[in-house]
Amino acid sequence: MYREQVLRIPRMSQPFSTQIQSAALSSVGRIRTGNEDSFGECAEAGVFVVCDGMGGAAAGEIASRMTVDSVIGTLCRGEEAGSVPERLAEAVEEANALVHQRGAADRSLSGMGTTLVVLQLVPGHAYVAHVGDSRIYLFRSRTLVRCTQDHSLVDEQVRMGHLTPQEAEQSPYRNIITRAIGTQPSVAPDISEAVTEAGDVFLLCSDGLIREVSDPAIESVLRETPDLDAACRRLIDAANEAGGHDNITCLLVRVPE
């Protein structure tokens, strides 16, 4: 069921990036036959990525894997000119161009795309970039706070007051996203910055988790399970027990104490 597990144990005598703890798991779920989610990290740069691909055949898996590899490659090239937000924007633009060009060159991959969430940690700050409806949450002081707004039709209708959150959960249009990597020649990511506190935990996830497990239930798991590896397993298991209708990916990152 689980594709891969990543666990970082902090060594406090080392630089900031090697003190970061992380754990990740991905599951195909109970309905799908393939996993189009991808994730990865560049520990030395404090970069963590989750993507949820879409497209026929294996196109979604190709799009998500290409995007993860491209973003990590761009952000892990070493010191580059520009601010962190500028480098994040560059990484998203490069990934989008690669996926779009690949889809245009191969008819079997035409229209493929992927969502994207990226977290980059530097001492005292977290930077978030996202496209689509995968999400990033912050768990601080035993409280879960959503850091991203879905680029989806129903989420935009909720923000405009046309739907309630409860109506959005039942909408037949809930799977329609309004931005994705690779489906257009260019894309505009949302990029934000937050001041971090020691012990903050960030959750990066595909919508296979959030469609099955409510925010209060996720918060409860993180309150009860401080071990990141165990928390990932509990979240994946909860999504599968609730139906597992989609691929499920969870990536947890803890800011050093």
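What volume does the second largest pocket have? It comes to about 370 Å³.

This is a predicted model: local features need pLDDT of at least 70, side-chain atom pairs pLDDT 80 or more, while totals for chains, interfaces and linings use all residues. Residues are numbered from 1 along each chain as its sequence is written, and side-chain values use heavy atoms, without hydrogens and water.

**View 1. The second largest pocket.** Its lining has 16 residues, with Arg 32, Asp 52, Asn 175, Asp 207 and Asp 246 closest to the centre. A pocket is an open set of points on a 1 Å grid over the protein atoms alone, where a 1.4 Å probe fits, with protein on both sides within 12 Å along at least five of seven lines; lining residues have an atom within 4 Å of a point. Volume is the space filled by probe spheres set on the points, which are joined across faces, edges and corners. Strand E4 (47-54) gives the most to this lining, 3 residues.

**View 2. The largest pocket.** Its volume is about 490 Å³. Of 20 lining residues, Arg 135, Pro 165, Glu 169, Arg 174 and Ile 210 lie nearest the centre. Helices H4 (153-159), H5 (165-170), H6 (207-210) and H7 (215-224) each supply at least two lining residues.

**View 3. Surroundings of Val 49.** Contact means heavy atoms within 4.5 Å. Leaving aside residues up to four places away in sequence, Val 49 touches partners including Phe 39, Val 71, Leu 116, Val 118 and Leu 251.

Conventions: Helices (H or I, at least four residues) and strands (E, at least two) are DSSP runs, numbered from the N terminus.
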